[in-house]
Amino acid sequence: MAGFVTRGFRGRRRDPDVAGRVPPGQYVTPDFPVLSAGPTPRVALDGWDFGVGGEVERAQRWSWEELRALPSETFTVDIHCVTKWSKLDTVWEGVSLDTLLELVEPTGDYVVAHCDGGYTTNLPLEDVTGGKAWIAYAYDGEPLAPEHGGPARLLVPHLYLWKSAKWVRRLEIVDDDRPGFWETLGYHNRGDPWLEQRYHGD
Amino acid sequence: MAGTAVPRRLTWQLAEVAASNLETPETTSLVFDVPDWPGHLPGQHVDVRLTAEDGYQAQRSYSIASPPENPRLVLTVERVKDGEVSPFLLDELRVGDRLELRGPIGGYFTWEAARGGPLLLVAGGSGIVPLMAMIRHRFAASGDAPVRVLYSSRTFIDVIYRDELAYLTGLDSAVEVIHTLTRAQPADWQGYRRRIDKEMLAEVAWPPADRPHVFVCGPTPLVEGVAAALTELGHDPARVKTERFGPSGG
């Protein structure tokens, strides 16, 4: 609807210092809103584990202590939720997927994340390799709170946040792309915020 | 599952304001004519896009308050203090104005009369809006699902749809609305006077054995607390669907 103007709307221009970091249709929030489709799962760490399997050379599973013993990174990224908020300069700690995938040697080209509570999301391997994705277990220097996905969540900050699956427990490497929970409910299959890929057909 | 129909491209459509109805001091229902509206399920939302003269755009999501049976689309918008979009919608937008919207969006937090009941709807503040679409649909579709609504508001005048909820419960005793007022109560108040807690849910909710469809919508602390309490009371987490309003936005 090119050229349409909403009568009387002026809006707030973005702070020029950060305007280039805010994708189209997003606004910056200082808060950390919580979104999920059902109750927050709460699991005891002594029974918790995380695994990568499927189309791989060596499926692996790590206990909480084993995951924490893997080389970790502390990184600062901007995150973008499809519900329109973006949050800048968020600080996380976790294990790079490059580290995990090197240990299992994937042979498939796609990954499906499986979570406590039944949530799933799908990604091409190239979106989670090359320093672009982590299994994060700390936020802002503190253990990741359950409502934000703790004990551990996938974090893929260059895509809309529904791809950064909370309460992740398994990464399944597959040969063919397999749309996940929101991807089969009308949301975009890839979700690049800079291309505003919110919904099917965007 | 509802909403898993063939993916359809969501295009921006022009919607014209047909009416504007004050619900509470801080919320207004905006009634739109949307000529090519494709229909929706109760519980779904739309994206609204506003464009300034210089091309600057802002987008926000709003829950649909009207049932699918209603020929007009109703969005009930709550004022976010110092917000960018909601003060414009509430203070500036007039009948006859147009804006762009697209939808419907969201195929999970939905209920249709054909799915039956019982239905447990738990709302905090403007979280009642998508649940109201379900309640209105239940009547518009002449459904017979038993419905219990537990609705938390700050004060009596903050209760959105207060008269309509009272009217609807008077029409059919299978629909019950239980209010709690957390901040202040009228002198003759008969309802609850505290935040929703596990004890209140145990009194109000259908027993887990009845396998109710549960929808919870409101601010994050309410949704987190209610969903956790329902799980502790024995409800199947897979039947508890949540939608949350963060404190931010506007």
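Which residues are buried in helix α2 (residues 97-104) of chain A? In this predicted model, local features need pLDDT of at least 70 and side-chain atom pairs count only at pLDDT 80 or more, while totals for chains, interfaces and linings use all residues. Residues are numbered from 1 along each chain as its sequence is written, and chains are lettered from A and ligands numbered from 1 in the order in which they are written.

The buried ones in α2 of chain A are A:Leu97, A:Leu100 and A:Leu101. They sit on the same side of α2(A), because they cover an arc of only 95 degrees around the axis (the arc is that of the directions from the helix axis to the C-beta atoms). Helices (H or I, at least four residues) and strands (E, at least two) are DSSP runs, numbered from the N terminus. The cover over the buried residues of α2(A) includes β2 (49-54), β5 (85-96) and β8 (134-139) of chain A. Just past α2(A) comes A:Glu105, with a positive phi of about 55 degrees.

A:Trp167 is not a glycine, yet its phi is positive, at about 55 degrees. This residue lies in the loop between β10 and β11 (168-174) of chain A, and it counts as buried because it has 26 C-beta neighbours inside 10 Å. A:Glu196, also not a glycine, has a positive phi of about 50 degrees; with 17 C-beta neighbours inside 10 Å, A:Glu196 counts as partly exposed. As for peptide bonds, the one joining A:Gly150 and A:Pro151 is cis, with omega about 15 degrees.

On to chain B, which has 5 helices and 11 strands. Its radius of gyration is 18 Å, close to the 18 Å that the globule rule gives for 250 residues, so chain B is as compact as a globular protein of that length. The radius is taken over C-alpha atoms, and the rule is 2.2 Å times the number of residues to the power 0.38. Of the 250 residues of chain B, 45% count as buried.

Within chain B, β3(B) and β4(B) pair in the antiparallel sense over 7 bridges (pairing takes at least two DSSP bridges between two strands). The two strands form a hairpin with 5 residues between them, and B:Gly55 in the turn has a positive phi of about 95 degrees. B:Val46 has B:Tyr62 as its bridge partner in β4(B). Because 5 of its 7 residues are buried, β4(B) is largely enclosed by the rest of the structure.

Finally, the two chains meet: 42 residues of chain B are in contact with 35 residues of chain A, where contact means C-beta atoms, placed from the backbone, within 7 Å. β3 (45-51), β4 (57-63), β6 (98-105), α5 (220-232) and β11 (240-245) of chain B each supply at least two residues of the side that touches chain A. Strand β6 of chain B also holds B:Pro104, and the peptide bond from B:Gly103 to B:Pro104 is cis, with omega near 0 degrees.

Terms used: A residue is buried if 20 or more other C-beta atoms lie within 10 Å of its own, exposed if 12 or fewer, and partly exposed in between; C-beta atoms are placed from the backbone.
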